[in-house]
Amino acid sequence: MPNLTDISTIRDLCARYDFALSKGFGQNFIVNPGICPKIVEAAGIDKSWGVIEVGPGVGVLTKELALRANKVVAIEVDQRLPPLLAETLAEFDNVEILLQDVLKVDLAGLIREKFAGMPVAVCANLPYYITSPILMRLLEEKLPIQHITVMVQKEAADRITATPGTRQAGAISYAVDYYAKPRLLFTVQPGSFYPPPKVTSAVIQLQVREQPAVQVENEEGFFRLVRAAFGQRRKTAANSISSGLGLPKAQVAAALEAAGLSPTARPEQLTLEDFCALQKALDAVK
């Protein structure tokens, strides 16, 4: 098997398959040999597991997953990569490359068909430009996934893992915490990639909750409220929600007071429970 963390090997593969790295697909391949084993170890993958990988690249993380998992399905959107992956992963019979856009794949159907009877995890070096859409799709569809272990941009990792009600929190923090228990595992420096990105990366893990963190009657309305609250940075929750939902500010202020919250509270000061109470109060004053 070729050494997929060796830059000269990667260059040779790219040359032979006439493959040029695409900035559009956010392709930065891991060349630090210690990173992928560390990611897979943190994910706790063994021969009982089925794993979904997003964006396998040249297969460096895929190889580590295949060595440990029962089955790996790697979803790749770049049509140029399957022939290259057929070479780099030739020794593994438990890897399947699915040439599709992860945002369009029938993930529930894929899990039923490929991983029957197995616990399922997602493990990937995510394309940074679509990190949030991928994570939210995995969570919102309430798939039978136990945990998600992914590498993302450090700035995104900090926001995703921020505790709701703290200064670092944003709309994505609340959405993720609603569905999962997130934690930041470790950071990865730019030199661990080829080509090196301009930012530091981080590996995070989301332990998917069996039940959401709070019970809401209308999830769509709940997250519309959260997004509205964070839609205008540096404004109070009342101003942002009023603008984002097209509601009179007095009505929003009244709902905040009815929920036991200050009309001058900032969005990041509110907890998931606060937003739950605020949604009920808004429904009551409509």
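The following exercises, with worked solutions, concern a predicted model of one protein chain.

Residues are numbered from 1 along each chain as its sequence is written. In this predicted model, local features need pLDDT of at least 70 and side-chain atom pairs count only at pLDDT 80 or more, while totals for chains, interfaces and linings use all residues; side-chain values use heavy atoms, with hydrogens and water left out.

**Exercise 1. Overall description**

Task: State how many helices and strands the chain has, and what share of its residues is buried.

Solution. 
1. Helices (H or I, at least four residues) and strands (E, at least two) are DSSP runs, numbered from the N terminus. The chain has 12 helices and 9 strands.
2. A residue is buried under 20% relative accessible area, exposed over 50%, and partly exposed in between (1.4 Å probe, protein chains only). Of the 286 residues, 51% are buried.
3. The C-alpha atoms fill a box of roughly 65 × 40 × 30 Å along the principal axes.
4. A contact means heavy atoms within 4.5 Å. Among contacts between residues at least 6 apart in sequence, 68% join residues at least 24 apart.

**Exercise 2. The cysteines**

Solution. 
1. A disulfide is a pair of cysteine sulfur atoms within 2.5 Å.
2. For C36, the nearest cysteine sulfur belongs to C123 and is 8.4 Å away, and C36 is in no disulfide. C123 is likewise in no disulfide, its nearest cysteine sulfur being that of C36.

**Exercise 3. Helix 3 and strand 3**

Task: Identify which residues of helix 3 are buried, what covers them, and which residues lie on each side of strand 3.

Solution. 
1. Helix 3 spans residues 60-68, and V60, L61, T62, E64, L65 and A66 are buried there.
2. The cover over these buried residues includes helix 2 (35-43) together with strand 1 (29-30), strand 2 (50-54), strand 3 (71-76), strand 4 (95-99) and strand 5 (120-125).
3. In strand 3 itself, 6 of its 6 residues are buried.
4. In a regular strand the side chains alternate between the two faces of the sheet. In strand 3, K71, V73 and I75 lie on one side and V72, A74 and E76 on the other, and all are buried.
5. Two strands pair if DSSP finds at least two bridges between them. Strand 2 and strand 3 pair in the parallel sense over 5 bridges, and G50 stands opposite K71 in strand 3.

**Exercise 4. Backbone geometry in the loops**

Task: Locate D18, K142 and P195, and describe the backbone feature of each.

Solution. 
1. D18 lies in the loop between helix 1 and strand 1. Its phi is near 50°, a positive value in a residue other than glycine. D18 counts as exposed because its relative accessible area is 70%.
2. K142 lies in the loop between helix 6 (131-140) and strand 6 (147-153). K142 also has a positive phi, about 50°, although it is not a glycine. K142 counts as partly exposed because its relative accessibility is 48%.
3. P195 is in the loop between strand 8 (193-194) and strand 9 (201-208). The peptide bond from Y194 to P195 is cis, with omega near -10°.
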